[in-house]
Amino acid sequence: MKISFTINGQDQTVEVADPYTPLLWVVRDILDLKGTKFGCGKAACGACTLHVNGEAVRSCSYAVKFAEGAQVTTIEGLGTKENPHPVQQAWKDQVVPQCGYCQPGFMMATAALLEKIPNPTDEDIDQNIINVCRCGTYYRMRKAIHQAAELANNSTKE
Amino acid sequence: MAGKKKISRRKFLVRGGLGTVGVMAVGTVLFRNPLRRTIMDFAETAPPMYSGSGTEPQLWFELTKDNKVLFHSPKVEMGQGSFTSFAQMIADEMHLRMDQVEVIAAETATGVVDGLSTGGSLSVAGLWQPLRELAATMRMMLIKEAASQSGQEVSSLTAEEGYVTAGNQSWSYAEIASKVEKWEVPHTPELKELKSYKHIGKPVPRVDLDAKVFGDPIFGLDAQKEGMVHAAVIRPSVVGAKYKSYTSTGVESMPGFVQVVEGENWVAVLADSYPEALMAETKLEVEWDIPKKWSEEDLQDMLQVGKGKRMITQKEGSALDDDEEGVVSLSFSSPMGAHAQIEPNGALAYFDDKGLTVVLSTQVPGITRTQLSDAMDMKEEQINVVPTFLGGGFGRRLDTSHAIIAAQLAKAAGKPVKYQFSRKEEFQHDTFRPPTYHTVKGKLNAEGYLDSLEHHYASGDVSANSAIALANTATKILGTDIGAMRGGNVMYNGIPNHRAVQWHTTLPFATSWWRSLGLLANTFAIESFVDEMALKAKKNPVEFRTQVLGDEGMHGRLKKVIERAAEVGAYSDTFTNGRAMGFAASTDTNVPSAHVVEVSIEEGQIVVHKVTCVLDCGVAVNPDQVRAQCEGSIIMGMSASLFERMTLRDGELFPTIYGPYRMALMKHAPKEIVVDLVQGADIPLPVGEPPLGPIAAAIGNAIRRLTGERLTDIPLQENLDQLLA
Ligand code: FES
Ligand code: FES
């Protein structure tokens, strides 16, 4: 079965035998975008978070067929080293990552949160950012989320 | 210290023109601590050994055409930030900018890999002296070469930012190296003074920051190879079960199916993609031989103070007589814990004309290769282990037996094979932090200070029987599990009578190193008890501790850290706004640490608002990353202290997924963490584990003040739930 969608601004058509194949594996192994991570495969850790039409989605538990016609964004399409997304800039400024494995998922979840709540309170962050980081970088992430909100708001004001 | 020894000139092996411009390589370097100290000291503080193990002269440094230095690190990067510290050390002694140094993990075929492991928080501490000496020596080599190439005096040349300059002439390091036929190796020059370093001691950003913020494919599970197939491996869910046979219920007709492979205690399905392998796997019915279904009760039966192998790990003054008046005794426990690192284990394996290559996240590339060599009946020279960045280590990557499965699959398939664990497999085939049981006893003297303190601790294997134990003779000599011992001894030397006794039992499944090993549970037991005695004596818990600490050496450093923590954290026995403070300290691998926590209970839930952590880790090569390690240790330690627990249910290890395996999330992380660093030594000391020590005890001590109840069992939230029920 053929499924077409836009990923990081590019049109793609993929061929899968099973339309229920998790989007995660299509992204990682067919489209070779390895920034989206496999952590649990059961929607329990958030390492695989990406955006489908702007919504944060745990792609390990999201059938590729639902992406038909959608706009998909992965960490590779969030920003670039030359032109980072405010979330990525804040993550760099706060030096958030340790092992780094969970980080793309958290950054994608944060970027989606900021679209909905441009100035999240600590409470908003606690309720919405529910991925798992084993290295325990939550403390810096919280600072980075507040900073990213500021960066994003400043840039829209300009 | 090992650090005083200079690298011998004979060990320098330098070659030129091997594809890159001037390859500088160093042969086998073995740093071994003079065994002057007592064997117990050695066990607690021994630096790891390095061994070159490739067929080629081992490569530490490469100078590349674009005038950068590529450092092939014998230590892997698992988040601890050591690659950044290495780059700082090299940049400072080679006179380079940070962006001129790149660090990668050494492969076993060409690089120098660690003879033991990356672990014990020793990466930066262990390479502190040799790495700076190598870098300084190379700077001198380049200057000497530039002098002879240009016919100038060495003394008239300076080296800065990758260029050697004489008056208005200058040459890049790469340019100089490209003209070298044969290097002359000078004596190691004097290293610079700490205060004159430009990079060391500064909070420079991590060198792997961009890769990790923009999603570069740097992890073990990101590896791939043309033509590879994917494996889903079925392993026993029941502890101790043995594979018998499988029946296919139509696996052959599943999309993408390649083949079924049977192994020693597993059966695998290979398919074109990983989801196809997972789907096909459901079409196998596997029969297991189950000799016994282990239960929690069985474990508790085996593991107890008073059972298993007894070993006195510390002894001073006389033993306590239980019947004596005034003797207080309390029991504590901690459960089995999972590593739960977010990147599952796995490996990519393939054969080519050079032999076998295995790419994976490993803390032990050298041991991984030895084990592959044994299992595959191949020479070590035919095997290349390529370590990647690790999506979390914490001790889980010390066991890499799955590398063997991947290699066997690649052999059977005649194709590259990528094997990744399912999360259930990860939880059930972890090398767990063993459960522990503790009895702590003590007695006050007439002034109300501790006169006697005894810690009895029962633990499953930590370092005994682990992969690195094989290489670690200390374990065998001692008959003690040195991992279980971490934090188990009494650190208050002013208590006239103190002792520690280990009761060691091997459990029916693998237990091993988990960040800080026995430290968290041992400190929980001892420091909870000390706190209880301070209350009994009606003394301030800070003064109650410092009173029984000497001023010299390790004890003096601990005393300073305790005093400093009380000051920075403004420790007080009274509480405000429903919050109480808790105090605890620990000592691990010569690094004292003390925490002050501010805790409240909201709707029955333990909330940690603020943690103040004081750590004396000697020289902080990168103070920002030392802080990051403290923050991470505190949060990971909180997670284990408050929530985590693995259990046995009907013979199976459970839970098998995040969520049911309850862990700290964003909402549990303290809103405020204050890290204060004390420099009580002039070398870097371990950082990644010691600050994890005090957290459980500190929280328990705060809860005691809030509720009057003493929590004695980790996970503390569960313990509190029972008390409130
Ligand atoms: S891998 Fe998707 S949530 Fe864990
Ligand atoms: S940075 Fe390692 S799991 Fe989050």
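Strand pairing and its surroundings

A: Strand β1 (residues 2-7) of chain A pairs with strand β2 (residues 10-15) of chain A in the antiparallel sense, over six bridges. Strands here are DSSP runs of E with at least two residues, helices are runs of H or I with at least four, and both are numbered from the N terminus; two strands count as paired if DSSP finds at least two bridges between them. The model is predicted: local features need pLDDT of at least 70 and side-chain atom pairs count only at pLDDT 80 or more, while totals for chains, interfaces and linings use all residues. Residues are numbered from 1 along each chain as its sequence is written, chains are lettered from A and ligands numbered from 1 in the order in which they are written, and side-chain values use heavy atoms, leaving out hydrogens and water.

Within this pair, K2(A) has E15(A) of β2(A) as its bridge partner. Two residues lie between β1(A) and β2(A), which form a hairpin, and N8(A) in the turn has a positive phi of about 50°.

Chain B has an open sheet of seven strands with mixed pairing, in the order β13-β14-β11-β21-β18-β19-β20. Its edge strands, each pairing on one side only, are β13 (257-262) and β20 (383-387) of chain B. From one strand to the next the twist averages 20°; axes are lines fitted to C-alpha atoms, for helices over the stretch in contact, and angles run from 0 to 180 degrees between N-to-C directions. In general, the strands of a sheet pair through backbone hydrogen bonds, either parallel or antiparallel.

Helix α6 (residues 274-281) of chain B lies across β11 (229-234), β14 and β21 (417-420) of chain B, running at about 35° to β11(B). Helix α9 (residues 402-413) of chain B also packs on the sheet, touching β11, β13, β14, β18 (346-352), β19 (355-360) and β21 of chain B, and its direction makes about 40° with that of β18(B). Contact means heavy atoms within 4.5 Å.

E190(B) counts as exposed because its relative accessibility is 66%; exposed means over 50% relative accessible area, buried under 20%, and partly exposed in between (1.4 Å probe, protein chains only).
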